[in-house]
Amino acid sequence: MLNSIRLHKGVQLIIGLLIGIVFGFLLQKGGVTQYDVIMGQLLLVDFTVVKVMLTAVVTGMIGVHVLRVAGFASLHPKPGSLGSTAVGGLIFGVGFGLLGYCPGTVAGAAGQGSLDALFGGIVGIVIGAGLFAAVYPRLSETILKKGAFGEMTLPELMRVKPGAAVAVAAAALIALLVVIEKSGI
Amino acid sequence: MERWSPYIVGLGIGVLSCVAFIVSDKPIGCSTAFARTSGMLERLVRGRKVNDKPYYRQFAPVIDWEWMLVAGIVVGAFLSAVLSGTFAVQWLPALWRSSAGDSYTVRWLAALAGGVVMGFGARWAGGCTSGHGISGTLQLAVSGWLAVLSFFAGGIATAMLIYKVIL
């Protein structure tokens, strides 16, 4: 039953759309489709973005790992390397600070009527992704491979059981959320 | 209600991630949709040989699950804004206007430049704030945690430079 849904292309397109609608609804309700809220986070004066992200991560981390043990989900960690993940991440960050939205929230911002997201951000990200596709052959065997660590997870890196890692990470992230909330930011 | 608690919203996104793993066997992500769009547009101009570019052999320029997800975000945010009565065409964000002035051309050019850098960086890093920042971290992927720390390091430095030094 589950497999026939997962393998049905047309059904998956509709499911993707529905998940996106709920995702966009939640992002907008959380205020994180607003430039001012995202920049408030990057200027370290409004921690809404971090609160949303960390709560989502704690919830999803516990949920997905329970589902995996129960046989309803498989993990799909992305492969990475220092040259790809860290360098690309810093480039992304420069764009993040200049644009004030990310690829998901820029779509939500366009939906709520923010014209800078629609005419600036979305167009820019499409162009930037296309530029990367153009230079990809020159990067793929060089910098993107530097310091490769593959599809490694933190429990594998630290040689602990996934369950223990989830418990420690969840406790640490909740503690961090409590500290943020108590400090009133 | 116009705004929900960030904790309720985060809880909802966490549950939604689980749903995506169950029904689609996929982590939520956004940035490949922009790369596929770019490929589809390039194909309109340059024809089918675009499909043979090494990058598009990995990420075929077609409408897929994630592309529909990004389209859904536009719809969902629109519905949320309309239902809470806050939908409004916004030419300029308030924070930008208070520091950089009333020219929307300047803001749109800055957003365009930011978008180009972000799109380039997202594909360089293999994901964005959703694919790495939420889906990667919740799977405890090393790539996800390294990426999200890099995103915020670069983002905080750039935002501080813009608002504390330049403007």
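Helices here are DSSP runs of H or I with at least four residues and strands are DSSP runs of E with at least two, both numbered from the N terminus. The structure is a predicted model, in which local features need pLDDT of at least 70 and side-chain atom pairs count only at pLDDT 80 or more, while totals for chains, interfaces and linings use all residues. Side-chain values use heavy atoms, without hydrogens and water, residues are numbered from 1 along each chain as its sequence is written, and chains are lettered from A and ligands numbered from 1 in the order in which they are written.

The C-alpha trace of chain A spans about 50 × 45 × 40 Å along its principal axes.

B:C30 is in no disulfide either, with the nearest cysteine sulfur, that of B:C128, 4.9 Å away. Buried means under 20% relative accessible area (1.4 Å probe, protein chains only); A:C102 counts as buried at 8%, and B:C30 counts as buried at 1%.

Finally, select residues 65-83 of chain B, which form helix 4, and then B:V89, which lies in the loop between helix 4 and helix 5 (94-100) of chain B.

Methods: Buried means under 20% relative accessible area, exposed over 50%, partly exposed in between (1.4 Å probe, protein chains only). A disulfide is a pair of cysteine sulfur atoms within 2.5 Å.
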